[in-house]
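Have the sequence and the structure open while reading.

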Amino acid sequence: MRTLLVALSLLSSSAAMAQAATPQEALPSPRAAAPGEAVEPSTTDVAQPSAPLPPRANAPTVPEASPSIDERLTADEHRVEALEEQNTETKNDLSALKKLRFSGYIQARYQYQEPLDDTGAGGFSRFGVRRGRLKATYTTDVAQFMLQIDAVPAGVTLKDAEATLFVPGTRQQLSLTMGQMKWPFGYEGPQSSSDREFPERSRVVRNLLPSERDRGAKVNGRYKFLRLAVGLFDGNGTDSGTTQDNDKEKDVVGHLGFDLKWIAGGISGWYGHTLGRLPTDTFRHAYQRSRVGADLQAYFDVVPLGGTSLKGEFIAGRTYGAANNATHLDVPAHGWYLLLVQNIGLNDAVGVRYDSFDPHNGQRDLAAGEAPGADNTINTVGVVVQHHFGENLKMSATYEIPTTHVVAQALDPHDNLFTLQMQARF
Amino acid sequence: MKKTLLSSFVAFGLAVLPLSAQAGTVTVKGSDTMVILAQRWAEAFMKKNPSMKIQVTGGGSGTGLAALQNGTTDIAMSSREIKEAEEEKLRARYNTPPTGVAVAKDGVTFYVNESNKVDALTVEQLKEIYLGDTASWKAVGGADAPIVLYSRENSSGTYVFVKDTVLGGDDFASAAQTLPGTAAVVNAVAKEKNGIGYGGAAYAKGIKELKVKKGAEAFAPSAENVKSGKYPLSRDLFFYLRNKPAGDVKAFIDFALSAEGQAIVTQVGYFPVK
């Protein structure tokens, strides 16, 4: 830097002297040669102030001028100010980008299920990508936009497309959301699959809240330890095989919860109708679609190994759409689960879940030969071990043992399921 | 096959389970407002306990709480209360309710340049200034000059505190320049005669601290006023943990809350909680 300043000083002194001598005439000056470059004869290349002039013969000696401390400080201050301006500009750009957040996760699995019976039929051993989520969220003080897609081998589907208004003056404690979103019902339904310990939701949630999502509008409110979410939805869910509501009525779905830090929970309700036709119906009929639910989660810190949580939920409902778009019109069903999770240190956890689902309340157990009836109660015991490799990768091994109620000569199918899952999240 | 499956399952469990934290080292991360205070505590604590190592780094309250979620810090320093979403994430990840410990008190202080005639403002006036509704010092009894706003970045707990407490949840005027730390705000206000900024009381050196008017009286962010609650912009400074304090972490927090630790709070320029 000092060399440069000296060179500049020399340049300005020489130029000034030259100007004084011949004010109307531009002095030709040779261009400074780069290392290894041949020196070319100069032309009228005078507009290169950074190029040092070689001392001319008989030129008066110019004393070396080094900048004063003040000059150097001023130069440095200007440089810092320039950097500050650049920094401010960059920050302004970044502050807009900060409002846009991308997140997502991939759940890749290996699963093994035993052959269902002694003949070796059924069962599987397979790799799969269960979920490949990419979510974009843009949040400002008054609005939020959220779009989530699921990219899996079967195709890309829209999971969430929400537009939210935070009611001004409520510090984002009250909001209105419209679009495609999760039903505000219970605990496990709205819970993110990336947070769950078990690979899939319990059987009752999978049946009574298939796809967990629907199109509608909901209001979210919080007051101290109370939370309320209630909305109007089409009611059919996003896995029902239709993208349009099949009736003019809307389903009302809501959850009133509390959160006292170590214990949280709530009650849920759902009331609506859906058009459908039973084999005995001549015309389509509006069947009641309803659910009630209660959930509770407790978090303890008593075991020296780490935190312990106990979670449970009960749901009962009428008319539900199970897997493969099979709608059980006017059928009452209920189920529940209890989940115990024990953390071991910061990175490990073990969990045990018992879940029970009765697909048809009040119907006695049936059997068709050696196979139990489709509506017989199924109870499932599952054990999971999980480990976090840093903040982004979670690996879990789960073993689930379903037990189907059987009668007469029917046999419980050998449908135990092992799932090894890697979940990467960002 | 069942046996094979169960064996694999148990083997996986045994392979991944036994991992423990590095003993003797406690990491503390988060609020820039609290960095100096925590460093002083760490120095004093390590003198008394030479086998212990306390690592303190800043980054902002949000950063500290995120680090707590990711398991990369034992203690998150935060100059604001934990948000519900952060609490839920911690519970989901560690199956335990997080614990917050108030370790000191702070009066959030508004600074103006020493040459500024204005000595005191009401919270409402501060709100109007930071919303951009009041753009000239003349409107609040000062010179006929535009107000230059300085603010903190949104990862800062002080930013959140001012946004919630002073602005009532509304957003800062877009003209407010965000600066990375309280020291940067103080430096900017010291250089800009029409500037106004805010931060922790401990950093307010070389510039004028504004009093806050409540009715006819104006209160300075002094120890007495913060402790008595007369100063309207006081707040707690927290340590947040994933669970209840235990072992080395507990020993460090106990020290911070001890008479010696609270004396350090006063030395640094904040206010004791005990």
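## A charged pair between the chains

A:R227 is partly exposed, because its relative accessibility is 22% (buried means under 20% relative accessible area, exposed over 50%, partly exposed in between, with a 1.4 Å probe and protein chains only). B:E88 is also partly exposed, at 28%. The two form a salt bridge, with the closest N and O atoms 2.5 Å apart (a salt bridge is a side-chain nitrogen of Lys or Arg within 4 Å of a carboxyl oxygen of Asp or Glu). The pair joins two chains, because B:E88 lies in helix 4 of chain B and A:R227 in strand 7 (residues 226–233) of chain A. Helices (H or I, at least four residues) and strands (E, at least two) are DSSP runs, numbered from the N terminus.

This is a predicted model, in which local features need pLDDT of at least 70 and side-chain atom pairs count only at pLDDT 80 or more, while totals for chains, interfaces and linings use all residues. Residues are numbered from 1 along each chain as its sequence is written, chains are lettered from A and ligands numbered from 1 in the order in which they are written, and side-chain values use heavy atoms, leaving out hydrogens and water.

## The network

A:D259 forms a salt bridge with B:R91, the closest N and O atoms being 2.9 Å apart. This pair also crosses between chains, from strand 8 (residues 251–259) of chain A to helix 4 of chain B. Both A:D259 and B:R91 are buried.

A further salt bridge runs from A:R222 to B:E84, with 2.9 Å between the closest N and O atoms. A:R222, A:R227, A:D259, B:E84, B:E88 and B:R91 are linked in a network of salt bridges.

## The contact as a whole

Between chain B and chain A there are five salt bridges. The elements giving two or more residues to the side of chain B that touches chain A are helix 1 (2–16), helix 4, helix 6 and strand 8 (177–179) of chain B.

The contact (heavy atoms within 4.5 Å) takes 35 residues from chain B and 43 residues from chain A. About 3700 Å² is buried between the chains, 52% of it on carbon and sulfur atoms; this buried area is the accessible area (1.4 Å probe) that two parts lose on being put together, summed over both.

## A pair within chain B

The side chains of B:R242 and B:D74 meet in a salt bridge (3.7 Å, N to O). These residues are 168 residues apart, and the pair links distant parts of the chain. B:R242 counts as buried, because its relative accessibility is 6%.
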